[in-house]
Amino acid sequence: MRSPDPPGTAQRERKRASDLLLDLCRAWPAERIAIGDLLSALGDRGYGLLMLVLALPNLIPAPIPGLSGVLGTPIILLALMMLAGYPQPVLPKVIRERSVPRAALEAVILRAKPWLARLEARVRPGTLPLPNRTVEVVAAVLLSINATLLALPIPFGNPAPALAIVVMSVALIEADRRLFVVSIVVLLLAIAIDIAIVLAIVGLGARLLGYV
């Protein structure tokens with residue numbers, strides 16, 4: 001977790017996440033980007049930016065082969081490491097070596113950039129004190145639940161937790177107090193939506209079995 005920037009300075013001195021990720025993809029020398037290389041390149045904003053990168057393709061469909069296998073588990077691990085108090089993500093080698101096509105990742109970021117930029121334009125960087133153990137525990141618990149739901153094969157269940165993870169990621173990246181509170185609500189709503197979907201599927205299955 002990074003220390004907060006003084007209010008008003010982050011806009012001038014730090015690139016927004018959408019710009020930083022797009023620049024990173026465009027400057028990347030290889031055809032594929034490994035998760036470990038992304039983590040090294042993202043520096044002090046590793047947790048938030050890496051979760052953002054991993055969640056976006058689940059929100060905006062893109063031609064990335066093996067998407068769920070490549071991007072699902074790392075989000076859970078990142079949330080658990082945040083919960084355990086690791087100052088920076090430390091992923092196992094098998095996760096660090098997973099990679100995605102650079103062009104496909106760039107396409108995802110380009111599609112997400114217009115609305116992501118609108119979200120970033122409304123933040124107040126540095127208003128949320130980080131590092132802060134209470135903030136990190138609350139974020140990590142809700143993120144781990146949503147990441148688990150995201151990784152599960154729930155029909156129509158990906159968009160809600162993916163959106164929730166994206167919103168929380170931006171809140172952590174920008175250290176925005178107001179967006180952090182909003183993201184907690186979105187994370188809770190996403191959990192409720194996926195639970196409702198599962199209950200509806202179970203109920204439908206029980207009805208169909210009753211007719212057999």
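Here are a few notes on the salt bridges in this predicted model.

1. Numbering runs from 1 along each chain as its sequence is written, and side-chain values use heavy atoms, with hydrogens and water left out.

2. The structure has 6 salt bridges (a side-chain nitrogen of Lys or Arg within 4 Å of a carboxyl oxygen of Asp or Glu). One of them pairs E106 with R26, at 3.5 Å from N to O. That pair ties together distant parts of the chain: E106 sits in helix α7 (residues 102-121) and R26 in helix α2 (residues 17-27), 80 residues apart. Helices here are DSSP runs of H or I, at least four residues, numbered from the N terminus.

3. E106 is buried, at 15% relative accessible area (buried is under 20%, exposed over 50%, partly exposed in between, with a 1.4 Å probe and protein chains only).

4. E106 also has R102 as a salt-bridge partner, at 2.6 Å from N to O. These two are about one helical turn apart, because they lie 4 residues from each other in helix α7. Through shared partners, salt bridges join R26, R102 and E106 into one network.

5. Another salt bridge links E97 and K93, at 3.7 Å from N to O. Both E97 and K93 are exposed.

Note on methods: Predicted model: local features only at pLDDT ≥ 70, side-chain atom pairs only at ≥ 80, totals over all residues.
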